[in-house]
Amino acid sequence: MALVPCKPSALWVVRRPGIFGVTHVAIAELGIDFGYDSESQPQGLVLEFASGTGRSVSDFDPTRWTVVRRIADQGNARKRVLIFMAGTTLYSLPGFNCEHAVSYIEFGKPESPQVQSAVFAFAAIIGFAALMGSRPKAA
């Protein structure tokens, strides 16, 4: 097995379809040179945060993941990956899910647009139901 020259890697946001039509997101480190001169060399690693498995690292599989964007602030994102991996935060769909984890690593602030949208939609439905229930009934 021949060693090949190393090239720099970068952190990327990746996504794949999840259950019930919800998108699952993760962080991928792509462009890693593992030192093998082989076609079977992994193309990178994926850091996932999911229900049941919590934090996990696996080989990047381009047939499963779609690359969304390169993380702009690579230095701070790498620091936050280390903090996140050493942390003990448990997965919670509304409180801290895969989107929260990716947002924290990328921007330093855990947010989930999918949860925010769901809360807004739920509040709108409750508001509409309350409005309809308070209307006078026709005689």
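**Strands and helices of a predicted fold**

Student: Over how many bridges do strand β1 and strand β2 pair?
Tutor: This is a predicted model: local features need pLDDT of at least 70, side-chain atom pairs count only at pLDDT 80 or more, and totals for chains, interfaces and linings use all residues. Strands (E, at least two residues) and helices (H or I, at least four) are DSSP runs numbered from the N terminus, and pairing takes at least two DSSP bridges. Strand β1 spans residues 10-17 and strand β2 residues 23-30. They pair in the antiparallel sense, and the bridges number eight.

Student: Which residue in β2 does arginine 15 stand opposite?
Tutor: Residues are numbered from 1 along each chain as its sequence is written, and side-chain values use heavy atoms, without hydrogens and water. Opposite arginine 15, β2 places valine 25.

Student: Which strands stand at the edges of the sheet?
Tutor: The open, antiparallel sheet has five strands, in the order β4-β3-β2-β1-β5. Two strands have a single partner each, so one side of each lacks a neighbour in the sheet. They are β4 (54-59) and β5 (66-70).

Student: What angle does helix α1 make with β1?
Tutor: Helix α1 (residues 74-86) packs on the sheet, touching β1, β2, β3 (44-50), β4 and β5. Contact means heavy atoms within 4.5 Å. Axes are fitted to C-alpha atoms, for helices over the stretch in contact, with angles from 0 to 180 degrees between N-to-C directions. Against β1, the direction of α1 makes about 60°.

Student: At what angle to β2 does helix α2 run?
Tutor: Helix α2 covers residues 98-107. It lies across β1, β2, β3 and β5, and its angle to β2 is about 35°.
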